[in-house]
Amino acid sequence: MKLINKRNFISIVCIFFTLITCGKLLYERALNFTDRYYTDNIFTILGFSVLITLILSLHFYLQKFPFWLVIIAQYALTVGIVFLAIFIHGRFSTNAPTAYWDMFVSITIPFLIGALVYYICFFVQIKRANKVLEKLNSEE
Amino acid sequence: MKLIKTREENLEENYLELHYDKIDEETNAVLDRLRDTLRYIEGTYEDKKVTIALTDIFYIETVDRKTFAYTKDMSVEIKEALKDILEEYSKIGFVRISKSVIVNIFKIKKLQGDINMRVIIFLKNDEKLIMNRSYKNDFYKRLNDLKGRSAK
């Protein structure tokens with residue numbers, strides 16, 4: 001079953017966009033930081049949300065490969081595309097000195113959180129299923 | 001409708017007996033489920049025709065376009081395709097776990113996750129099967145349906 005499909009693609013992009021923007025705003029508020037490139041960054045987040053949803057939607061087609069290999073490959077692909085975009089952007093305009101580092105952190109943290117949530121859900125599902133099996137077996 | 005269970009020692013085979021005046025809706029529903037559960041399937045084992053109860057099957061696998069049903073001590077070649085078996089018998093506990101394997105949920109001892117996030121299925125005959133990630137959600141849904149049904 002495809003978790004990300006044509007029907008829910010836009011809504012998943014919107015969820016990513018909202019979560020990342022809220023995280024950014026809270027982080028800036030906590031540090032009392034004013035973002036001078038606010039508009040640029042908002043559109044970067046939108047682009048990043050579309051990209052990450054696209055890459056995660058590939059997960060369905062990569063089921064036969066080991067999970068961790070798929071996650072690492074998807075992470076590397078995302079980092080690669082974003083770094084390439086920063087590099088191309090730098091050709092036409094000036095990048096912030098910490099552009100690469102900032103984007104690296106922006107990609108790594110959501111990926112780590114996502115992988116952790118998936119990992120926890122995976123084992124919770126198995127635990128629940130074992131309880132159901134136990135119940136079914138005890139009824140026999 | 002009442003259910004009375006009576007344990008009898010040294011019984012050759014378990015049996016169900018229905019006492020009724022009129023078969024009402026509830027009884028009919030129970031009979032429908034029993035008819036499904038007590039179904040048999042034909043196949044060949046060591047060049048002989050055999051009939052096996054669906055409830056005795058642990059899992060069904062397709063190998064080189066041939067379909068085999070595995071019981072405790074036999075692997076019986078059957079004519080039905082996996083797709084047809086699923087269509088007909090999914091409500092009695094058969095669920096797909098990979099492109100070529102269907103498992104009988106009632107023959108599963110437990111599940112275990114491995115480092116590659118694959119689900120390993122331990123059967124009651126001590127065999128192990130691997131569940132493909134793409135069939136995981138359907139499997140859990142089916143399991144919960146059976147849980148809901150048994151709770152009724």
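This tour goes from a surface patch on chain A to a helix and a hairpin in chain B. The model is predicted, so local features need pLDDT of at least 70 and side-chain atom pairs pLDDT 80 or more, while totals for chains, interfaces and linings use all residues. Residues are numbered from 1 along each chain as its sequence is written, chains are lettered from A in the order in which they are written, and side-chain values use heavy atoms, without hydrogens and water.

Select A:Leu84, A:Phe87, A:Ile88, A:Phe92 and A:Tyr100, which make a nonpolar surface patch of about 550 Å². A:Ile88, found in helix 3 of chain A, is partly exposed, with a relative accessible area of 42% (buried means under 20%, exposed over 50%, partly exposed in between, with a 1.4 Å probe and protein chains only).

Next, select helix 2 of chain B (residues 82-89), where B:Leu82, B:Ile85, B:Leu86 and B:Tyr89 are buried. Seen down the helix axis, these buried residues fall within an arc of 100 degrees, so they line one face of the helix (the arc is that of the directions from the axis to the C-beta atoms). On the other side of helix 2 of chain B, B:Lys83 and B:Glu87 are exposed.

Finally, turn to strand 6 of chain B, which is largely enclosed by the rest of the structure, because 4 of its 5 residues are buried. Strand 6 and strand 7 of chain B form a hairpin with 2 residues between them, and B:Arg96 stands opposite B:Ile102 in strand 7 of chain B.

Note on methods: Patches are made of residues with over 30% relative accessible area and no salt bridge: like charges are joined within 9 Å, nonpolar side chains (Val, Leu, Ile, Met, Phe, Trp, Tyr) within 5 Å. Accessible areas come from the Shrake-Rupley method with a 1.4 Å probe; for residues, only the protein chains shown count as cover. A salt bridge is a side-chain nitrogen of Lys or Arg within 4 Å of a carboxyl oxygen of Asp or Glu. Two strands pair if DSSP finds at least two bridges between them.
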